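Hello,

Please take over the model below. My notes on it follow.

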Amino acid sequence: ADPDRRRFAFDPTRRMASVATSTRLLVKGSPDTVLDRCTSDTAEARAAVEGLASRGLRVLAVAVRDRTGSPGEAGEEERDLTLLGILALEDPPRPHAAAAVAACRRAGIRIGMITGDHPATAVAIAEEIGLRRPGAPVLVGADLPEDLQLLGARVDWQDRTHFLSVAARVMRRVLVERARTRNARKRGGG
């Protein structure tokens, strides 16, 4: 066992996980985040990620860096990486998902998908199950309205210019914090 081994668990803000030993740092995570920390040209890898994600596959990047000494904090360690490869995993929708989407819409229920996945993966899955309507925008977490009421009002509208059926790269923590803030304002009268 390596006494200097340190594990940095997956974090939705960093969007990666890593293990540091006394000699190496091994990283896996969101391709855009990991590739941004690689020292080599990543254009080919980025193109591969887009192609795989657009087929509805979940994509991870794996990278490494040689290191020495006791591990520091994640932000200090997860830098100057060398890309080892891109992994694509198939995680298909459940067999009855498309029928459930159709049944909800027939019943007048507005639905949307909020996921941490790559936007292209989210679009491919949403289109496969009939969730994304033609021309519907796909927002990433940073582009979601701060106001949860406004977000809820925009979900799955019939008017193509105003509805949202897919939001990608969304951290659950952000939605929970927004909901708590909204509920606190309601209780406080503000």
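Helices (H or I, at least four residues) and strands (E, at least two) are DSSP runs, numbered from the N terminus.

Ground rules first. This is a predicted model: local features need pLDDT of at least 70, side-chain atom pairs count only at pLDDT 80 or more, and totals for chains, interfaces and linings use all residues. Residues are numbered from 1 along each chain as its sequence is written, and side-chain values use heavy atoms, with hydrogens and water left out.

Two strands pair if DSSP finds at least two bridges between them.

Strand 4 (residues 58–66) is joined to strand 5 by 7 bridges, and the two run antiparallel. In that pairing, Arg-58 has Leu-89 of strand 5 as its bridge partner. Ala-61 has Ile-86 of strand 5. Strand 3 (residues 24–29) pairs with strand 4 over 6 bridges, also in the antiparallel sense. Lys-28 stands opposite Val-62 in strand 4.

**Leu-57**

Leu-57 lies in the loop between helix 2 and strand 4. Is Leu-57 buried or exposed? Its relative accessible area is 11%, so Leu-57 is buried. The cut-offs: buried is under 20% relative accessible area, exposed is over 50%, and partly exposed is in between (1.4 Å probe, protein chains only).

Not counting residues up to four places away in sequence, Leu-57 touches Leu-52, Ala-88, Leu-89, Glu-90 and Thr-121. Contact means heavy atoms within 4.5 Å. Leu-57 and Ala-124 are 67 residues apart in sequence, yet 8.5 Å apart in space, C-alpha to C-alpha.

**Glu-78**

Glu-78 sits in the loop between helix 3 (74–77) and strand 5. Glu-78 counts as buried because its relative accessibility is 3%. Its side chain makes a polar contact of 2.8 Å with that of Arg-14. Such a contact is a pair of N or O atoms within 3.5 Å; within protein, one must be able to donate a hydrogen and the other to accept it, and residues adjacent in sequence count only if both atoms are side-chain atoms. Beyond four places in sequence, residues in contact with Glu-78 include Phe-8, Met-16, Leu-25 and Arg-37.

Best wishes
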